[in-house]
Amino acid sequence: MRCVRCLLLLVLFLPVKTWATPYFEQLGWMTPDSKLNELIQYPYLLENIYQRNGEQLIWFDLQQSSKLEFQLEILDRAGFSPLFARQLTYLRYYRENNRWYEYDLLATDTLLSYLSYAENAPKMGQDWYFDKRLTEKLPLPTAKTIEFVFTAIDQQHLSALIEMYTPDSPEYDQLVNTYLHLTKYLNSNIPLYHQKGTRRAGDRLTDRAALIQRLEMLDIDVSRVTPGLNWYDSSLTGAVMQFQRIHGLTPDGAIGPATLRWINMTPEQRLDMLAINAERVRMWPAQRDALIVVNVPSYDLKYWYLGKEQFESKVVVGRASRKTPVMSIKLDSLIFNPTWNVPWTIMVEDILPKVKRDVKYLANHNLEIIPSWGAQQTIDPETIDWAAMNPKAFPYKLRQRSGNSNSLGLYKFNTPNRRAIYLHDTPGKYLFDKQKRAFSSGCIRVEHADQFASVLLQNQGLTDAGDQVRLSGLSNRAVALKEHIPVHIIYQTAWYESGVVHYRDDIYRFDGTKYGKS
């Protein structure tokens with residue numbers, strides 16, 4: 001529609017104002033002192049929409065307005081957007097007080113904001129979901145989207161329009177379905193489950209009924225649980241182990257502090273988790289042709305090739321003080337027997353203070369001092385006055401020689417990026433046995449790195465990883481991949497997989513608190 005494009009040009013060059021035009025006051029739909037003067041985001045476009053619609057109400061179908069309000073409820077629950085929370089509050093107020101003209105104007109204007117949000121979430125989501133909050137007015141939706149708005153209003157297909165701008169993925173649908181299931185428990189007053197110490201099979205339970213109710217709330221299968229007992233019998237153990245698996249806990253059936261904490265999580269807390277993670281789905285890639293995904297809270301890596309999962313592994317991620325960032329990068333090569341260029345932060349905060357205490361630390365850890373990255377010459381440690389040395393003013397670089405004790409292990413999966421985040425092997429295999437694995441300085445350590453390297457090379461028709469290691473001996477060897485592989489480092493504390501929604505701890509506190517970050 002050329003008229004829509006002309007309207008957009010007109011809107012862009014009109015003077016900015018934050019109140020609705022007198023047009024709606026003349027229609028008698030609002031008063032000069034109406035709160036809508038502050039709430040309306042796109043007054044000029046809104047006026048044009050209602051003129052084209054013959055000055056008729058748009059949201060007379062409650063099913064369509066309920067669809068919009070539900071999407072806003074998810075955004076409100078997600079806790080990152082005071083903007084949408086405010087709009088939803090007033091929409092409910094106008095509806096509950098039968099102020100239908102004001103409701104209609106705000107609903108149409110908020111629909112435009114929602115569509116703009118959906119368009120911008122893939123590129124702005126990292127700020128909204130992990131760093132800042134969505135408080136400012138969003139840009140106008142694109143011309144194509146506004147054309148869809150006019151068509152949807154003409155044909156009364158607003159629900160279909162909202163659906164079009166909602167993620168089309170089984171993961172999103174299942175998170176939302178679970179959300180809807182849990183809303184039934186908001187006012188049910190399910191009691192907390194109480195116990196003293198750890199309870200195992202055969203122990204007496206004083207609160208068995210509450211435990212069963214809380215398991216049932218998450219759709220845990222309790223159909224085989226024997227009723228009327230007051231101890232922890234074998235029929236209940238299986239249900240507890242199922243609960244533990246979906247929360248990333250050791251499925252041993254023992255109800256200890258970690259299991260108890262998840263059991264007593266309130267429906268409100270779970271709804272908040274489901275909402276923010278459902279919205280994050282807008283950021284993540286849908287294609288699985290060739291893709292590596294690391295989910296930080298689940299300490300897990302998955303690799304897909306030709307649409308099929310080829311490899312899965314535990315990973316170690318950055319500790320809370322040195323977070324592994326959410327980012328998209330590309331794997332371009334594999335490096336065998338890598339050397340390690342020690343990052344500045346690790347050099348200054350971790351290594352140099354130890355060297356000041358004992359200069360032998362360098363030799364014991366195969367570390368050498370170099371004047372700059374890529375340099376072949378080294379600096380003799382004896383020429384440095386370590387007692388007087390200020391780590392933050394250290395003028396050189398540190399490099400660790402390749403070998404079995406190298407911090408990167410025998411394999412580095414190279415992903416060039418300005419933050420120097422990559423995947424690699426590690427000599428510290430014992431860390432993969434831990435349930436919580438946030439120990440690194442930001443990079444991602446991969447369990448069974450040799451298997452991962454072999455699968456990657458095999459899929460690209462290159463020499464097996466084991467052969468590459470043997471060929472290189474203890475020297476550095478790089479193999480370029482024929483096709484670069486996208487690597488997405490994501491952050492999902494709730495996600496759908498294998499027929500069930502899984503939950504994990506918010507290790508970096510990115511889920512935050514309502515309308516803020518903790």
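This is a predicted model: local features need pLDDT of at least 70, side-chain atom pairs count only at pLDDT 80 or more; totals for chains, interfaces and linings use all residues.
Q: How many helices and strands does the chain have?
A: There are 18 helices and 14 strands. Helices (H or I, at least four residues) and strands (E, at least two) are DSSP runs, numbered from the N terminus.

Q: What does the C-alpha trace span?
A: About 85 × 70 × 50 Å along its principal axes.

Q: What share of the chain is buried?
A: Of the 518 residues, 52% are buried. Buried means under 20% relative accessible area, exposed over 50%, partly exposed in between (1.4 Å probe, protein chains only).

Q: What about contacts between residues 24 or more positions apart?
A: They account for 69% of the contacts with a separation of 6 or more. Contact means heavy atoms within 4.5 Å.

Q: Charges next. How many positive and negative side chains are there?
A: The chain has 60 positive and 56 negative ones. The centres of the two sets lie 6 Å apart. Lys and Arg count as positive and Asp and Glu as negative; His and the chain ends are not counted. A charge is placed at NZ of Lys, CZ of Arg, CG of Asp or CD of Glu.

Q: How many cavities of 30 Å³ or more does the structure hold?
A: It holds 1. About 30 Å³ of space lies in the largest cavity. On a 1 Å grid over the protein atoms alone, a cavity is a set of points where a 1.4 Å probe fits but cannot get out. Grid points are joined across faces, edges and corners, and a volume is the space filled by probe spheres set on the points.

Q: Which residues line the largest cavity?
A: Ile49, Arg52, Asn53, Phe150, Ile153 and Asp154. Lining residues have an atom within 4 Å of a point.

Q: Which helices supply at least two residues of that lining?
A: α4 (43-52) and α8 (143-155) each do. The largest share, 3 residues, comes from α8.

Q: Stay on α4. Which of its residues are buried?
A: Pro43, Leu45, Leu46, Glu47, Ile49 and Tyr50. Pro43 has a relative accessible area of 4%.

Q: What follows α4?
A: Gly54, with a positive phi near 70°.

Q: How far apart are Pro43 and Gln492?
A: They are 449 residues apart in sequence and 37 Å apart in space, C-alpha to C-alpha.

Q: Now Tyr165. Where does it lie?
A: In the loop between α9 (158-164) and α10. Tyr165 counts as buried, at 13% relative accessibility.

Q: What does Tyr165 touch?
A: Not counting residues up to four places away in sequence, Tyr165 touches Tyr114, Leu115, Ala118, Glu119, Thr145, Phe148 and Arg282. The C-alpha atoms of Tyr165 and Leu115 are separated by 6.5 Å, though the two are 50 residues apart along the chain.

Q: Where is His181, and is it buried or exposed?
A: His181 is in helix α10 (residues 170-183). His181 is buried, with a relative accessible area of 15%. Leaving out residues up to four places away in sequence, it touches Glu216, Met217 and Asp219.

Q: And where is His488?
A: In strand β12 (residues 477-490). His488 is buried, at a relative accessible area of 15%. Beyond residues up to four places away in sequence, His488 touches Pro285, Leu291, Ile292, Val293, Val294, Met327 and Ser328.

Q: Backbone now. What is phi of Tyr299?
A: Near 50°, a positive value in a residue other than glycine. Tyr299 sits in the loop between β1 (290-295) and β2 (300-305). Tyr299 counts as buried, at 6% relative accessibility.

Q: What about phi of Asn337?
A: It is positive, near 50°, in a residue other than glycine. Asn337 is in the loop between β4 (327-336) and β5 (340-341). At 1% relative accessibility, Asn337 counts as buried.

Terms used. Residues are numbered from 1 along each chain as its sequence is written. Side-chain values use heavy atoms; hydrogens and water are left out. On a 1 Å grid over the protein atoms alone, a cavity is a set of points where a 1.4 Å probe fits but cannot get out, and a pocket is an open set with protein on both sides within 12 Å along at least five of seven lines; lining residues have an atom within 4 Å of a point.
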